[in-house]
Amino acid sequence: MSEDKTVTLKPVDLVEPEPGFSSSHLDPADTSYQPPALDKTPGQPDLQGQDSGHPGTEEKGPVGPTPDAVAQGNRWTSTLDQFKLKRFFVLRPGTMDQALGDIKALVNQDEDGDVHGVWLMAEVDHWNNERERVVLITDSSLLICKYDFVMLNCEHIQRIPLNFVDRITHGNFSFPQRSLLTREGEGVRVFWDRLREPSFLSKWNPFTTDYPFSTFTYHPVRNIDHRFTALCEIQSFREQLTEAAQKAHLKQPIPGKANGVLVLNQPLLIESYVGLMSFIGNQNKLGYCLARGNIGF
């Protein structure tokens, strides 16, 4: 059984419209009415012409990542790259200066003359193995130095007379058609006996040192700062070596040999097919002086 409820109606007072106010805007057929303009306060952006977000308005393009997200991603990538690069002992403060001082002290002034240029590069052998090298150009010699940046000791120096250098080639690396190896980037190859070809045993011996040429490419730390960028620049090395070799040929020509340097821009062929040893060595940078962490228990 429902209970009776009493509903009280309250009268509403109607307000007379102000003079000049027209109610024609209530008529849907009448389009003469224009709404009053909004007063714009100082500092408030203009809302006219902006997209209201309602259907039928112009759609905006997809919103990309915010600058903070991009910066954070770049920061993590940069941190990882810096961690990998700082493992090289050559980047330790004072190490490169110590190495240059030790190597220059071993230069024979009577035989080699003054040092005109120093480069830090990676030597690539005939089996595609990379090895860290310090290369010097003197008055009469090209010096290829194997330096231990951990023990700060020069282990080996290969001396090549500049008047023996007869050909310099530069370009990208290439491999035989059926080779499983690849190498990105470019390099420079220095020949000092164009008439002598490597023997069959030398080609299949990964430890041979009687090849009549040496191949160089960029060192991994070349982009760490401006100083190492200049030290690892193979283009300046090629140009300065060509000039020094030309002067050496004019100063000390070799009898019975065509004197001069031939510079060619062509692919640098590495006759290696499988190269499992070079793949493992190059991936782990075994040819460089790196901090490899604690090994043992």
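Buried means under 20% relative accessible area, exposed means over 50%, and partly exposed lies in between (1.4 Å probe, protein chains only). This is a predicted model, where local features need pLDDT of at least 70, side-chain atom pairs count only at pLDDT 80 or more, and totals for chains, interfaces and linings use all residues. Residues are numbered from 1 along each chain as its sequence is written, and side-chain values use heavy atoms, without hydrogens and water.

**View 1. Glutamate 155 pairs with lysine 146 in a salt bridge (a Lys or Arg side-chain nitrogen within 4 Å of an Asp or Glu carboxyl oxygen).** The closest N and O atoms of this pair are 3.5 Å apart. Glutamate 155 is partly exposed, at 43% relative accessible area. Lysine 146 is also partly exposed, at 37%. The structure holds eight salt bridges.

**View 2. Aspartate 112 meets arginine 159.** Their closest N and O atoms lie 2.6 Å apart in a salt bridge. The pair links distant parts of the chain, 47 residues apart. Aspartate 112 sits in the loop between helix 2 (95–105) and strand 1, and arginine 159 sits in strand 4. Helices (H or I, at least four residues) and strands (E, at least two) are DSSP runs, numbered from the N terminus. Aspartate 112 is buried, with 5% relative accessible area. Arginine 159 is partly exposed, at 32%. Look also for Glu111: a network of salt bridges links Glu111, Asp112 and Arg159.

**View 3. Aspartate 125 forms a salt bridge with arginine 131.** Here the closest N and O atoms are 2.8 Å apart. Aspartate 125 is buried, at 14% relative accessible area. Arginine 131 is partly exposed, at 27%.

**View 4. The largest pocket has a volume of about 610 Å³.** A pocket is an open set of points on a 1 Å grid where a 1.4 Å probe fits, with protein on both sides within 12 Å along at least five of seven lines; lining residues have an atom within 4 Å of a point. Its volume is the space filled by probe spheres set on the points. The largest pocket has 32 lining residues. Nearest its centre are Tyr211, Phe213, Leu269, Ile270 and Glu271. Elements giving two or more residues to this lining include strand 5 (167–174), strand 6 (186–191) and helix 6. Leucine 276 is found in helix 6 (residues 276–283). Leucine 276 is exposed, with 58% relative accessible area.

**View 5. The second largest pocket has a volume of about 500 Å³.** Its lining comprises 20 residues. Closest to the centre are Glu123, Arg133, Gln158, Thr208 and Thr209. Strand 1 (115–124), strand 2 (130–138), strand 3 (141–148), strand 4 (153–161) and strand 7 each supply at least two lining residues.
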